[in-house]
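Please look over the sequence and the model shown here before reading the report that goes with them.

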Amino acid sequence: MKVVALVSGGKDSCYAMIKCIQYGHQVVALANLMPADDSVDDLDSYMYQTVGHQIIVSYAECMGLPLFRRRIKGSSRHQNLSYRMTAGDEVEDMFILLNEVKRQIPSVTAVSSGAIASDYQRLRVESVCSRLGLVSLAYLWKQDQSLLLQEMITNGIVAITVKVAALGLDPTKHLGKDIGFLKSYLHKLKEMYGINVCGEGGEYETLTLDCSLFVNARIVLDEFKVVLHSSDPIAPVGILHPLAFHLEKKAEHHSLSGIDEASEISKEKEGFVFEVRGDCKQSCEATFKAAAEVVELDEVAENRVHIARTISDNTFSICFWLQDMCRTSAGLQEDLEAILRKIELELLGYGFGWENVLYIHLYIADMNNFSIANETYVRYITQEKCPFGVPSRSTIELPLLQVGLGSAYIEVLVANDQSKRVLHVQSISCWAPSCIGPYSQATLHKEILYMAGQLGLNPPNMNLCKGGATAELEQALENSEAIAKSFNCSISTSAVLFVVYCSTYVPSSERHKIQDKQDSYLKQMRLLQLDKGSVIRVLDPIFLYVLVPDLPKRSFVEVKPLLYVPEDMNVTIGTEQKHSCSRMPSYWGIQHAHWHDSCIQKCVVQGKICAVVLCITSELLVKICSESLNGDQDNGDYQNSLREAQMERVSRFCIYLLDKLYMQNNFSWEDTKNLRFYFPTSLGLPLEALSLMFSNAFNELAKLGQRIIISEEPIFNLIPVLGAGRSATSMDDIITCELFAQK
């Protein structure tokens, strides 16, 4: 990509440019924001470093690139963490600056910044990039600062301190000193006082005088003076004010690919400085249309929408799908618009909006239409509609049309409060895959971390890693771990459930390697966590493998972890309280048997959560029905001839086991957050018939006791898949149930 680099003069923005070039991008222009008054050194800004701005003008000549500069007219008016377009805010100066760069150099598609740990700055850069259709590159984001500092020094960055404001840093002693000279002292201050060695806490600021990017000349500071801003005896604040400097030409021109190949830039622009003036012409109106203006449902589409909903009033799931009614689907865009509009109306009926949605499962019939799905999706779910953070998301291709459904099928998890905490990083970095769009990496709500589906993407370039399914799985798990660390937890110790989607592109002979890799990776990670001595609690997660036709980017696997993150990390996890099976009631003539346990995986935190995966195999079907199947069980087509009576028995058996689990662990059906039944298309039964069987079973359960109240809408979702099971090698269950409950 062609990149414009935001430069402050500091070491971080310079090293970010070096990383951009290392990852194959081209830096074609520089952009800098400076004080409105040249006599001001240190502007009181939440966003920009301005100390040393007098020297930044030389960067154009040193690098042989055009430098676009703008004087900061705004102030920090919008000080909430997430930024909203605000007239007169200093962020709007960045918008005007980058908008002019884009106008003069249309080939620019990305913006580089040196953000390391500041969400405040990163979110504002991402906001501006989103408005301008640019990609944010933040290759220093979330990197270890001690390693970063060493990397900068190793890569030849010569940067001096121009501001100090921390305990242990003396303006008279430490201003003007090179970071290489100060490195050991900064680490000493980290041990003594916990400072950030890269100065991310405002401890110090730097000015780069030379680096590998400076292909034409280096900067020599001839004279400066120290200005004390505060003579506090504990942490005095001082800045370095440059008085005189000159450029020293480099004898040998060792240009970096990615800088001197900017062919779109005319020779007149190379090394030139442009001052960007004017005001922001873009209106602060919201960029989304009202939902009523986006689409109008016709009566036919409205009649085709079907809904399922769990019982809970605080956090519940609603599922929406279109019944095809024996006609060809109108296409993904129309089907998805109909469903999204219906979701909006349904949420409105509860007094909610998209801001109440925690998670979205987006199922589509053809992954070739993924871009259409995204374009339609972003017209409804926007950052403007979700001021507390856009929901996390997983996108999967399902065989919807084969079972008589429309082209789109959506499940939303909804909360009746705004206590969620969302992680939405749109910048491309080395940390974890970016979410360039209105969906988040993870959402934490009431101690449950709902993580977006993770692919095996290399974060720096957002390409699928090479090496097949196991390599992708390992990378997806590493990405999941990076996200988990942002919430001070680990997938190896805090995970409750892993759903691993496997595409049909994975050869059946290779599927066992997926499970082996998952097991070995988590075991290794757990040992590392234990070696650190910081792990107080370790959960025993359960696993579900689902075979689907396709995944985004033609990936082999997608991992969707669910984590338990208690507010008090020192909490003691309660053990399961076993109830005597003799006290468990029997329904439909089903009596407790020891083999029932072989159907179930569960992860229960007493008094908190209950996660269950229930698998019904063909062997278990024989036991459940107490008779042998008709026909040859070695025949792979035997599932197509299953009698409805047998499936009715299976539906009752599943609900019986789930109800018994609830009773054993002191949960109720009102605690259910989601309940999914996965069925293979090879089952040969219509979705309507299966839905009726499970609905009838729940109605019968309600009549048998007072443990559940049934409404008109089913409380479960039926998910058509190619296969599912607890093992990647045997995704051939007749029915697989995934349940999650939380008190």
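The model is predicted, so local features are given only at pLDDT of at least 70 and side-chain atom pairs count only at pLDDT 80 or more, while totals for chains, interfaces and linings use all residues. Residues are numbered from 1 along each chain as its sequence is written, and side-chain values use heavy atoms, with hydrogens and water left out.

**Empty spaces**

Rolling a probe the size of a water molecule over the atoms shows where empty space is left. On a 1 Å grid over the protein atoms alone, a cavity is a set of points where a 1.4 Å probe fits but cannot get out, a pocket is an open set with protein on both sides within 12 Å along at least five of seven lines, and lining residues have an atom within 4 Å of a point. Grid points are joined across faces, edges and corners, and a volume is the space filled by probe spheres set on the points. In the whole structure, two cavities of 30 Å³ or more are found.

| Space | Volume |
|---|---|
| Second largest pocket | About 830 Å³ |
| Largest cavity | About 190 Å³ |
| Second largest cavity | About 50 Å³ |

The largest cavity is lined by 16 residues, and His361, Tyr450, Leu562, Asn674 and Arg676 are the closest to its centre. The second largest cavity has a lining made up of Trp321, Tyr409, Leu687, Ser691, Pro714, Phe716, Asn717 and Leu718. Of the 37 residues that line the second largest pocket, Ser8, Met47, Tyr48, Gln49 and Gln121 lie nearest its centre.

**A helix and a residue**

Helices (H or I, at least four residues) are DSSP runs, numbered from the N terminus. Helix α17, residues 644–664, has 21 residues and reaches 30 Å from its first C-alpha to its last, which is close to the 30 Å expected at 1.5 Å a residue, where the expected span is 1.5 Å times one less than the number of residues. Because 15 of the 21 residues of α17 are buried, this helix is largely enclosed by the rest of the structure; buried means under 20% relative accessible area, with a 1.4 Å probe and protein chains only.

Asp93 is found in helix α4, residues 90–104, and Asp93 counts as buried because its relative accessibility is 3%. Leaving aside neighbours within four places in sequence, Asp93 is in contact (heavy atoms within 4.5 Å) with Leu33, Arg70, Arg71, Ile72, Lys73 and Gly74.

Notes
Helix = DSSP H or I, 4+ residues; strand = E, 2+ residues; numbered from the N terminus. Buried < 20%, exposed > 50% of the residue type's maximum accessible area, 1.4 Å probe, protein only.
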